[in-house]
Amino acid sequence: MFDSTPDTSHKEQISQIIRSVSFNEDGCKIEEDFIDFINFDGKTGILLAEMILNKLKSDNLEIQNCRGQGYDNGANMSGKYRGVQARIHEINPLASFIPCAAHSLNLVGQHAASSFLAGKLILGQIQNLFTFFSASTSRWATLKKHVKKSLKGQSTTRWAARAIAVSTLLDEFKGVIIALEELINSDESNIQTVADASSNLTQICTFKFILGLNIWASILSRINEANIAIQSETTSLDQATKHIAGVVAYLEEFKLTGFESSVSKSEIIAEENGINQDSGFDYRKNRGNKPARFRIEESESLQQPSNLEKFKIDFFNNILDKISEEFQTRFKTMAETLHDFNFLWGDRLANDGTEQKLKCTKDLAMKYEIDLDITGFENEIKHLKSAIEPFLDPKDKKLGSTTPLEILNILTPYRDKALQAGRNVATGLPS
């Protein structure tokens, strides 16, 4: 795993970590060993891949023994043709690329937000509010008088910060309005403060902004929940993929019912703050190139969509479609790798039929032919289920809920005994 960040001297510093699985008589565990910090200014995938290969060689680590690559999901690292992972994969096809799931989630939201003007304007206005209040101690003091939670700034690399910034403003919306009005009417406020406070108040006191805020809050809070869960050091690829699937399922449901529920929430906030429900929608009618008589005929025959319907098309539908597209692209390799292996544990180990297991076994053995002997591997997989079950306490654990690490920890100390017991069960002999 290689990851980079600028240090305090503004030089790019790359960390090198090797992940491995250690085995002993007590079982096995996943270990991560920090190897080095590397100062390197190259940005392209080719230069970075060359640096990584040279560094591994100098560490006497054979790239052909590598079975996984882990980087962020930036284009220079994850690019399909010129990214680091593609270059490493050319040299060693068994080095599967698994992008950082947390960084991928950040990019999902970041790219979705930056793809459409309405999305950028709403998040930009939230940042403007934070910048306005935090630029002066007196402004911040005025804000603190009227809110329980302070406004938060956003971050381009930490999507969680955006989720918190959006939810905080939504919770403290009324207090922020009161604080802005106080600054506008205060004799102690200078001209610039009054102008900026008035501009911010005009921008947020519209139904369009409130509606966008509610929509973003629903989307970002769910993504952030998954982001937090994924970053746990005990989270496996299997669990991470399930968290991602949960977010995708939520967003699909939200697309069906979320707009109407967001409108209902926004109507309550607008009524509490005396905001007109038609405010903020400044859609312009297209002039078109047709003669006036045809435009008149069209206007009479075609019913124009309402402001809410236009906003749903321009913002709500577009944002959710873009996020779904980003999820499919950025987490594709995770799903593919999981598909290769997940017949070995959990639901699939418990429920897959013999024919399906043997097909998966052959596919995996063919892919990793230098690691797996297909005849021996098939024989072990035939007896894996019956080998594992005797070591599970039925009160605490069922075969269908086992994890890869749990399977390994059963097999490792008792490998020969477990597999022989599985063969005996399968043939009717006593264990």
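In this predicted model, Arg-139, Thr-142, Leu-143, Lys-145 and His-146 of helix H6 meet Gly-175, Val-176, Ile-178, Ala-179, Glu-182 and Leu-183 of helix H8, where contact means heavy atoms within 4.5 Å and helices are DSSP runs (H or I, at least four residues) numbered from the N terminus, as strands are (E, at least two). By class, this contact has five nonpolar, three polar and three charged residues, with Ala, Val, Leu, Ile, Met, Phe, Trp, Tyr, Cys and Pro counted as nonpolar, Asp, Glu, Lys and Arg as charged, and the others, Gly among them, as polar. The axes of H6 (residues 137-146) and H8 (residues 173-185) come within 8 Å and cross at roughly 135°, angles running from 0 to 180 degrees between N-to-C directions of lines fitted to C-alpha atoms, for helices over the stretch in contact.

The model is predicted, and local features need pLDDT of at least 70, side-chain atom pairs count only at pLDDT 80 or more, and totals for chains, interfaces and linings use all residues. Residues are numbered from 1 along each chain as its sequence is written, and side-chain values use heavy atoms, with hydrogens and water left out.

Turning to the second largest pocket, 21 residues line it, of which Lys-80, Gln-85, Phe-97, Thr-333 and Glu-336 lie nearest its centre; a pocket is an open set of points on a 1 Å grid where a 1.4 Å probe fits, with protein on both sides within 12 Å along at least five of seven lines, and lining residues have an atom within 4 Å of a point.

| Element giving two or more lining residues | Residues |
|---|---|
| helix H3 | 84-91 |
| strand E5 | 96-97 |
| helix H13 | 307-330 |
| helix H14 | 332-341 |

H14 gives the most, with five residues.
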